[in-house]
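Good morning, and thank you for coming. I would ask you to keep the structure in view while I speak.

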Amino acid sequence: PADPTTSSPVALSHPEQPAFLPLSTPPLSPNPPVRVSQRSKQAPAWQKDYVLNHVLMPRPASSSSSPPILPKGTRYPLCNFISYHRYSPSHLSFIATVSSSVEPSCFTEAAADPNWQQAMRSELEALTTNNTWTLTTLPPGKQPIGCKWIYKIKHRSDGSIERYKARLVAKGYTQTEGIDYHDTFSPTAKMITVRCLLAIAAAQNWSLSQLDVNNAFLHGDLHEEIYMSPPPGLRRQGENLVCRLNKSLYGLKQASRQWFAKFTEAVLAAGFIQSKADYSLFTCKKGTSFTALLIYVDDILITGNDQKAISSLKQFLQSRFKIKDLGDLKYFLGIEVSRSKQGICISQRKYTLDILKDSGILGAKPVAFPMEQGTKLSDAGDLLKDPSQFRRLVGRLIYLTITRPDITYAVHVLSRFMHAPRMPHMEAALRILKYLKNAPGQGLFFTAGNNLKLQAYCDSDWAGCPMTRRSTTGYCVFLGNSLISWRTKRQKTVSLSSAEAEYRAMTGACCELTWLRSLLRDLHLPHPEASILHCDNKAALHIAANPVFHDRTRHIEMDCHFIRDKIQDGAISTKFIPSSHQLADMFTKPLGKDPFLSMLGKLGVLDIHSPT
């Protein structure tokens, strides 16, 4: 409905009344014309950040009796901030198909579509063939767990629909530890490893292939006695039977552990070596041939310099597990991968647009940076009546930081208040959404011309937390000129000086560099020379280079002096950098518009969807 404070009242027109009325006609009640104010009207200031599509526009004075004119579209249409003109026709077809795909959210929606009906039938047939369960009566004292359907559309690399995938998932959150499950830990690929592998593939011009394992968790063995309610679509009226699980099933707490153990056993038998830096990474080197395999649950990423070896690996996996070859890497874990001769660009465009759509911010006025300079959020303000909306939003933003280092600091600050969010926190979260509206397709670019040398930048914001007075550590790591790792973290203890806070930040960055060096060794890319660590605090550099204990350093925990050993070993080399060139500033404090935009280009953040 239109806002009465911003709309102009419409003048009512009346037919001219005759000079006199016949006696047989009842007299008309007097109804004088409505007076229209000639004062200019302006919208309230609080409405400037909102798009009011139904506000009546003021009419020209010459057409006082014409109907009101409604504005067409919004003041800030999405097409002004995202474009696809840089894509090739084949990739554009893929993006269009992925964006237009709608997946059902419940069994009722899926049951009305023949494609999803067939997908559920195929899943039930696979479960039956695999002897996943046995229908039986529920023994006394046992409580069955529930289950639900999850629906996903799988696409080929050309954008066509490969299949409609319906997956039956057990509600493992109702399992009881010690009865229904014991050990649950299962490694998954670190996102830093994914970015590192993509950066190396871009620099070495390696191919990237994606595989999907059908019913991966059904390959795992189950040792516990677990009963599950029949899935929707399998229940029969009048029956009180339950499913006793014979094999592992998606959703069970131990399911991923059992599947990963089975997969690891098969891959190691094929001659691959498991990485010690990331247990989800497997490599195989034979002469000049090199192949790397990275697995995230049932999604597999393969790269290397030998196409024959990659084809042989795919055939081996097909013989041990039923897999689907999805072709060249285009869409992995919600990350869109675009490749050209210049390099590889990754973004979460569709995921970002889904967040904006679900939050109702698609028509909002965008902003140029995610957080106002000097913002210090605390526990002041009114508590939110429904904190679940804030928690869900921040959780989705955390996953968005996989390709968006520009919002890492702002999201980190908001995540401190998940237990009791307040109105200022929600306003700060909405500002991040308005920033995302400004460039929803922004992401990282890994250049093809890359020397693959590690270097890092570290910084700290001394006593930056207004509630605990703890400092904030921030660092970013580059592989050549490609950003592969970054972090914002509040330090565990209060630092007594800015030098101490910077020294702790240097230690955190040193640990990350040490781990990345071991990861590169597993990828057969040794890094013999020292990795450079840039810092803008000379006192911290002096403490790291000179093993002298005095009043300012004797209280620092011994683990922080880990950096001294690495400097003496020659693995790390420190270097002073002026604060004006410190790239880690973005991860320790909110920056103003100009320094923020200047920092984006230096970090390798690129928006290939920009209309300009």
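Let me begin with a term: two strands are said to pair if DSSP finds at least two bridges between them. In this predicted model, strand E1 and strand E6, which covers residues 241–245, are joined by five bridges and run antiparallel. Within that pairing, tryptophan 133 is opposite leucine 245 of E6.

These strands belong to an open sheet of three, in the order E1-E6-E5, with antiparallel pairing. Why does one side of E1 and of E5 have no neighbour in the sheet? Strand E1 (133–137) and strand E5 (227–228) are at the edges and have a single partner strand each, so one side of each remains without a neighbour there.

The protein contains 14 helices and 21 strands. Of its 612 residues, 49% count as buried. Among contacts between residues at least 6 apart in sequence, 74% join residues that are at least 24 apart.

Is helix H9 largely enclosed or largely open? Seven of its eight residues, in the stretch 408–415, are buried, so H9 is largely enclosed by the rest of the structure. The buried residues are Thr408, Tyr409, Ala410, Val411, His412, Val413 and Leu414.

I turn next to the largest pocket. Its volume is about 1,500 Å³, and 39 residues line it. Glu103, Tyr151, Lys152, Tyr331 and Gly334 are the lining residues that lie nearest its centre. Several elements give two or more residues to this lining, including helix H1 (89–100), strand E2 (147–155), strand E3 (161–170) and helix H7 (349–359). Which element provides the largest share of the lining? That element is H7, with seven residues. Sorted by class, the lining has 18 nonpolar, six polar and 15 charged residues.

Finally, a word on confidence. The average pLDDT of the protein is 84, and 85% of the residues score at least 70. Over residues 1–29, however, the pLDDT is below 50, and in the model this stretch has 28 contacts beyond near neighbours in sequence. Residues 51–71 also stay under 50, and for them the model has 33 contacts beyond four places in sequence.

Thank you for your attention.

Conventions
Residues are numbered from 1 along each chain as its sequence is written. This is a predicted model: local features need pLDDT of at least 70, side-chain atom pairs count only at pLDDT 80 or more; totals for chains, interfaces and linings use all residues. Side-chain values use heavy atoms; hydrogens and water are left out. Buried means under 20% relative accessible area, exposed over 50%, partly exposed in between (1.4 Å probe, protein chains only). Helices (H or I, at least four residues) and strands (E, at least two) are DSSP runs, numbered from the N terminus. pLDDT is the predictor's confidence in each residue, from 0 to 100. Contact means heavy atoms within 4.5 Å. On a 1 Å grid over the protein atoms alone, a cavity is a set of points where a 1.4 Å probe fits but cannot get out, and a pocket is an open set with protein on both sides within 12 Å along at least five of seven lines; lining residues have an atom within 4 Å of a point. Grid points are joined across faces, edges and corners, and a volume is the space filled by probe spheres set on the points. Ala, Val, Leu, Ile, Met, Phe, Trp, Tyr, Cys and Pro count as nonpolar, Asp, Glu, Lys and Arg as charged, and the others, Gly among them, as polar.
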